[in-house]
2 protein chains.
Amino acid sequence: MVDGLGAPLTAPLFDRVALIGIGLIGSSLARVAKRKNLARTIVASDASAEVRARVAELGLADEIAGSAARAVEGADLVILCVPVGAVDAVAQEIAPHLAPGAIVSDVGSVKGAVLATLTKHLPKTVAIVPAHPVAGTEESGPAAGFATLFVNRWCILTPPEGADEKPVKRLAEFWTAAGANVEIMTAQHHDLVLSITSHLPHLIAYNIVGTAADLEAVTQSEVIKFSAGGFRDFTRIAASDPTMWRDVFLNNKEAVLETLGRFTEDLTALQRMIRNGDGEGLFKLFTRTRAIRRGIIAEGQETAAPDFGRHRDDKDQ
Amino acid sequence: MVDGLGAPLTAPLFDRVALIGIGLIGSSLARVAKRKNLARTIVASDASAEVRARVAELGLADEIAGSAARAVEGADLVILCVPVGAVDAVAQEIAPHLAPGAIVSDVGSVKGAVLATLTKHLPKTVAIVPAHPVAGTEESGPAAGFATLFVNRWCILTPPEGADEKPVKRLAEFWTAAGANVEIMTAQHHDLVLSITSHLPHLIAYNIVGTAADLEAVTQSEVIKFSAGGFRDFTRIAASDPTMWRDVFLNNKEAVLETLGRFTEDLTALQRMIRNGDGEGLFKLFTRTRAIRRGIIAEGQETAAPDFGRHRDDKDQ
């Protein structure tokens, strides 16, 4: 198929997959699991009755459970698709109901804290394999998901040291069938890498949007009108789910503060270049940053179309 | 027409329009001027012989002049489409060749410095009306332009105090016919507004891309692979033309340093929230930033499609 998902599997990879939390990621997983035949049965649960009703309406799951505890019963794969800060409570709730041998995973943007929490609460009879699909949009909720969200994106697995290979391999197969490329690393390294490729960009974006809103000499209307000068790019990720991102920063404090420290040092140097009128230094920095975008486009992680393809229909007219 | 440019004018607005510098903006102006019949004759010039050859090849102008001095002869509208740092030299070159009554404008991202330079070098017989179309892509050069670049974008005119109304009105007509909305303000206010909606975003983007490239514990390959977590958004504007942006920071030093100071203060407060685990403070900031994106989309300055429309072809599959 042209969209990179390929044909459905002839036999499902898992018997019963429980998805706990049906937002952007959970609903995308439900969609791709159904389309690719990744599970004989997809069970969905969500803390919100409104979301459960929407899931039923959209036909995203074979079964909808009224609670996480109920959802995980008999599941051979459980994926928590809740904000990182909700993992602790969900883990405690599901622990007594998990089937022996089940794989328990998640999709959170922080892995050290999640691994620690799951290890603390879950029985030794299950295999804990935390995961993070590096994919998403700024939208939230069950209607925002789509089956191809993970195609050609990376999914990072962070099994604990000394984990069994088999469940890790099975979860990798699941994500591969969902269209993703799988990489395995420690939770600690994940948290450092993502602090620069995801957490700091969100922090900076939220911050600049806040700064713009607070300037007295520039009106909100002016910020909006003239946002095409670059500012609007930042507002996209600053429109991401506030609960999810609050939890990321509360749970990856150390790595984020370290990376933020480096960013601030560099910014201070750049500030000095501007103050001193150091054109050569500015030009040098502004030139070297082009290469990394070329790399990202070459690796298929970004569209090559100018302006993110916003002008896709205009060019050559 | 569906692309927002509308039908060509029945009579050209200007007799002879000289475009000095044929990059992304200059070539887009040439294209829209031709398509909309904004000029009886379009004269192009560029300091680079290679660019002049490309302009001829692309058929962007009626005449190609070997020098800026030659290009402006007899022109009733002259638009400098060169980096801000090149305006001084070009102004000196064209000054003796300008026709009395000509309107001289530009498209630079800084207006105070440009207005001062033009006022210093140009004869009193011409009308100086600096302009800034807030539009562009991260690409450069004559092949990167397109006729609809300015459609529904804002073009800011910053005439000097006490300027004649007529030339300002004529230039406003030109930009309106090119598809833009026109706003008039002082050069000083422009430079402050753009410092937050354009200059600071570029500065921050260049800086974070530099920080990522310099981390020892995270490889370049990891930064590229996992850039879909947010980082890749920043690489777009950090891939913009280095000469243009060096000149912006050298020529809007005061406003940029002021705005950067505000940004840094806010970032320090945010850093403290993370350090102190202030979930409520984080949530509050992350919530208020959504409204501004909604405003930008509502005003037609941004696509409503999630992820900038990168998944435009995927959704609902």
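Mentor: Two strands are said to pair if DSSP finds at least two bridges between them. Keep in mind throughout that this is a predicted model.

Trainee: Over how many bridges do strand S1 and strand S4 of chain A pair?

Mentor: In chain A, 6 strands make up an open sheet with parallel pairing, in the order S3-S2-S1-S4-S5-S6. Within it, Val17(A) has Leu77(A) of S4(A) as its bridge partner. Strand S1 (residues 14–20) and strand S4 (residues 77–80) of chain A pair in the parallel sense, and the number of bridges is 4.

Trainee: Which strands of chain A stand at the edges of the sheet?

Mentor: The order of the open sheet in chain A runs S3-S2-S1-S4-S5-S6. An edge strand here has a single partner strand, so one side of it is left without a neighbour in the sheet, and in chain A this applies to S3 (63–65) and S6 (127–128).

Trainee: Which side chains meet in the salt bridge with an N to O distance of 2.9 Å?

Mentor: Chain A is divided into domain 1 (14–186) and domain 2 (190–304), which bury about 1500 Å² between them, 54% of it on carbon and sulfur atoms. On the side of domain 1 of chain A, Ser109(A), Val110(A) and Glu138(A) lose the most area to domain 2 of chain A, together 35% of what that side buries. Between domain 1 and domain 2 of chain A the count is 1 salt bridge. The side chains that meet at 2.9 Å, N to O, are those of Arg236(A) and Glu138(A).

Definitions and conventions. Residues numbered from 1 in each chain as written. Chains lettered and ligands numbered in written order. Predicted model: local features only at pLDDT ≥ 70, side-chain atom pairs only at ≥ 80, totals over all residues. Heavy atoms only, no water. Helix = DSSP H or I, 4+ residues; strand = E, 2+ residues; numbered from the N terminus. Domains from an automatic or database assignment. Buried area = accessible area lost by both parts, 1.4 Å probe. Salt bridge = Lys/Arg side-chain N within 4 Å of Asp/Glu carboxyl O.
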